[in-house]
Each structure stands twice: as C-alpha cells, then as structure tokens.
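Please consult the sequence and the structure shown below while reading.

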Amino acid sequence: MSQIYTLEKKEQNQSIPSNSKGSLRGFFSYIKDDKTKLIIVIGFIFINSAANTISPFLISKAIDKYIAVGNINGLLNIIYILAGVAAITVITGYMQGMLIGRISQRTLYRLKEALFAKLQSLPIAFFNQNKAGDLMSRINNDTDKINQFLSQWIGQFVGVMFSLIGIIGFSLYLNWKLSLVMMSMVVFIYLVTQFFSSTIRKKNRENLEVNSDFASSLQENLTNFKVVAAYGKREYLENHLDKTNNATFKSALSSGFANRVFEPTYEFFGAIALILVLSYGFHLVSIGDATVGMVIAFVAYTQRFYDPMKTLATAFGAIQLATAAWVRLQDIFSLENNLRTDSIGGDKTGKPKLRLELKNVSFSYDDKKMIIENANLSFEPGKTYALVGPTGGGKSTLANIMAHLHDPTEGYVYLNGKDMITYSQEETAREISVILQDPILFTGTVAENILYANTDFKDMNIADLNRILEHKGFKDVIKRFENGLETQVKQNGAGLSIGQKQLISFMRAILREPKLLILDEATANIDTITEAVLNKTLEALPPETTKIIIAHRLNTIKEADEIMFVNGRHVTPAGSYDAAIEMIKGAKRSS
Ligand SMILES: Nc1ncnc2c1ncn2[C@@H]1O[C@H](COP(=O)(O)OP(=O)(O)OP(=O)(O)O)[C@@H](O)[C@H]1O
Ligand SMILES: [Mg+2]
C-alpha cells in the first residue's frame, strides 16, 4: 500500500506529545560533537553565577565585621575582592556568550544538514503531498526558534539554575529562617506556572502553524504570480494574503501575550517576598537573632532570587517555542521512505529476456482513486514502445512507476528480471533515465545541469563535455543556448524556454546511456528540425537500449515497435500505428 506523507496538522487543542522529552534527547544528539565546548561553557557559567551570588554575602560580612567596628583595612580588602569578583563576572560572561554563539551556529548547521538529507531521501509522493512553503517554514522558521533557544536561552537557563542553587546555599548558611521566608512565594509561582503552561504550549504550536500557512500561501502565490497577473487576480491575492497575514498577527499577539503572562506575576510575588523578608528580618534583628548586615544581604538575595525567575519565565517561553518547533521538525524526521529497497537476493547482472515487466500493477495517489488498474506489460531490450492516450489518462503516472519514482500500490515491477524493490535508488538511476514532462533544473550552468548526478562524468570540464556531446550528435542542440554549455540557468530554469529546458534534460538522459530510457513528452516543445536531430541521437544509443516514448504528436511514435494505449485506469496494447490511431479517435468520440 502506498503511504500518506502529509505533515498533518496536529489538532489545535492537542498538547505536545508526552514523548517530547524523548524526542528532545534526539535533539541533544546534534550538540554532542561540541560536548567539550559545552562543558567549558558550563564551567564559565558556573564561575559567573558563583561570582554573582557571593557579593551579597561579602557585603553582609563587610557590614557586620568591619563597618560596625570601623575597621577600614578590612573594609578595603572586601572592596578589592568585590572588584575582582566583578571583573570575573564580566570576563566569564563574555566568554560564555562567545562560545555559546559558536555552538549554536554549528548545531543549527548540523540540524539543517540532517533535514536536507532526510528530505532528499523521501520519495516523490512526499513532495506531491506537501506544500513547499510549509517545508521552507519548517526548515527556516522552526530551526530559527531552536537557534534562539540555544544561543540566547540555554546559557541564561543554566546560569539562573546555578545562581538559584548558590543563593539558596548562602542564604541557608546565613539564616535558615529568613531563607524559608524568602523562598515561601515559590509555591505560588509554581502553581501559577502549572496553571498556564498547557495554554502557552498550545498557543506556541498554533503560532508556528499559522506562520507556516502564511509561508505556504506566500510561496504558492509568488510561484504562480504569472497566472495571478494574467487573470487580473492581484486583488484576490492581496485579500488572500491579507487574511493569512491577519491570522499570523493575531496568533503572534496571543502567543506573545501568553509567553509574557509570567513576568508580572513573578514580579508581584517577588515584591511580596521582599516585604516579608524585611518585616521578619527586622523582627529577628530586634530580638537579636539576626544582624543588620544579614538583613541587607537578604534584601539583595531576595531580588537575585526572584529576578532570575522572570528570566526563567522568559526562557520557559523560549523553551516552549523551541520544543514546539522541534516537534514539527520531528514530523519530517519520522517520515520513512516507503520505496521498498529491501533485498531479496539474487544478482542483477546477466542478460535479461525482458528489460521491464509490469505484473498486475495498480496505482493510486491517495488510496481512493485508481489511476492504473491491473496493468500487465512487457518491454524487451532494444525495442521502442510508445504510450499514447488522452490527457490525464495516466501516462506520466505509469512512466513514474516504471522509473521507480513511485512504487505500485499493488503488483510488481521487474527490471532486468529482478523485482524493482531490490534496487536502491542509485542503482535504478544508473539503469533508467527519464525525461520528465516538466523538466527540473537547478541553478548553475547548462553543463552542470547535464552532469547532474552523473557519477561517471561528475568532474568533467566543459571542453571535454562539449566534445563528448558533439560526438553524440548534439552539436546543433548546444547552439540553441546563447553561451553554449556555459549558459547560466536561473532558479527553476527561469530565462530558458520550455524547449531549451527539454533539450538540457534530453542531453542529461542520453549522456548516461541508460538501459531503459523513458521520454515523457520530451520533444513536445521542440521545433521539428531539432527534433530530427534528437531522434538521431536516440538511434545512436546502444542497440539493447529500451525506449519508452510518451507523446501526443503522433508522428513521434511512428517508429515504435509497439504502441500502448493508456486511458481511464486501463493500459491496452494497441498493436500497430494505425490501430492506435483508431483507438484514440474512439476515445475522443466517447468522451
Ligand atoms: N501528484 C498527483 N496526485 C494526485 N493525483 C494525480 C497526481 N498526478 C496526477 N494525478 C492524477 O492522475 C491522473 C493521471 O495523470 P497523469 O499525469 O499520469 O496523466 P497523463 O496521461 O500523463 O496526462 P498528460 O497527457 O496531460 O500528460 C490524472 O487524473 C491526475 O489528476
Ligand atoms: Mg503526462
């Protein structure tokens, strides 16, 4: 059965799955390589926090021991120590920031690399089912959230943790009763945090999804801008974008609000704690259970205890955002390529009787509507076959199955006598070349596009490539490009005519000398003179090459040994050229 690859939206009210901790562990595997740097950073953070927490303790000692008795030298010593502590704080703070920046950039790089590798491994079905914009948003936006978390928050988070431990330690050492009073408000903070956190998680996930929608919609409309302009639908586009943009804005507001709700709450409880510490502290001083220096230190500690709670709250928001983003990236990582390549043994060499064989092949894109039903077809080495049939009949789909770009939903495809599923994608690519109906080109030169994924010729220079292509009969074809093989191809092949794109794709396929060549409307947009040149290059291929040609222009298929008619789920051998013409006429009449 074919697999559904949609990156489904999680139910809006669904919180992050409980295994998100487990998947976060997966995330830390991307930082693993920087472990030493990470340990050094934690060391700096530790020193930094220690330096931060020790000052109130020193001040309390200065007040009680030296100021109270007028010991100037002792006081000066404490001031020197305090200055040293301040210097350490500045230096370690700087070092930690710099190192964390490096670690997060490298982690982000590794993460994106893994994402691209994953995307490359997925079958065409995945890209049919998902919008490019949504993918881009996941790759850019979601990884950015993770980067922010790493570069800004992880350090602060660890720092705050160390500081809190330090403060608790020093304050307990100074006076445990005052300590307990100082920390009493934590209970309330915990309750409030618990109360809001699931809402916040939900809002954050919603926000990322709405952002993705906006990116998809933008991408779709920009890619299709020609159509939008041709139909005078700019207004529609504006309204549409306006709507999604509005949704993005609202969701950002509400997620921003949710993330900020903690700050004032913590401030409030911090203030209450300070009042309690002061009242109880002076009470203790009056009964001789505490010193003035101690109470002053506690005022500083209370502030240093509740201020980082605010940082924690903000960090908590960033962690929530990063977790939501990570869960969305996990959606991609957890997809598995269902193009089965499991080996059932047997060697793939030897002279096959049949180049390609389809046995009881059925195919559906969505498991609902059948596009091909129970096709049984054989293709012999060295013969030329033609697939004809009405638009939307299923020719390209069949070609994709033959090229192992889709697995059949049911049935088997044998290549050189072996089940196609036992071939890896690289192996299939070596045996089969396919010229797709709408050629896919990459930014770069024409030469680079011709050599794309050609392992035999990958380091070839332009002069040599030129020579080989001319030898194969492409001399006049290369002239169709302004700067020959050095002509620049822009994004998505912009700046080239459809015919020129087909020529590149044609040269790319022929150069590989495949055993099986599939041409899906490969010459539909090429002038008849150039087409004749291309036909010559096809004839020059090794005699055992099997060619499968899909064409609407009937003169293209006159030379075919066998013609097959593809229409409404069924593939019927049509025999000769004349019989095929009759079948096409019949189909036109009945539709
Ligand atoms: N990615 C896809 N997802 C879902 N359905 C698809 C997809 N691609 C094609 N189809 C459907 O499959 C059917 C066959 O399409 P296909 O592209 O194979 O036809 P075709 O014979 O090559 O047509 P044409 O002559 O226009 O190139 C069509 O009804 C189309 O709607
Ligand atoms: Mg087609």
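Two strands are said to pair if DSSP finds at least two bridges between them. Strands (E, at least two residues) and helices (H or I, at least four residues) are DSSP runs, numbered from the N terminus. The model is predicted: local features need pLDDT of at least 70, side-chain atom pairs count only at pLDDT 80 or more, and totals for chains, interfaces and linings use all residues. Residues are numbered from 1 along each chain as its sequence is written, and side-chain values use heavy atoms, with hydrogens and water left out.

An open sheet of 6 strands has the order E6-E9-E10-E3-E11-E12, with mixed pairing. Its edge strands, E6 (432–435) and E12 (570–575), each pair on one side only. From one strand to the next, the twist averages 20°.

| Strand pair | Direction | Bridges | Facing residues |
|---|---|---|---|
| E6 and E9 (residues 516–520) | parallel | 4 bridges | valine 434 and isoleucine 518 |

Helix H17 (residues 498–511) lies across E6 and E9, at about 170° to E6. Angles run from 0 to 180 degrees between N-to-C directions, with axes fitted to C-alpha atoms, for helices over the stretch in contact; contact means heavy atoms within 4.5 Å.

E4 and E5 form a hairpin with 2 residues between the strands, where asparagine 416 takes a positive phi near 50°.

Technical notes
Chains are lettered from A and ligands numbered from 1 in the order in which they are written.
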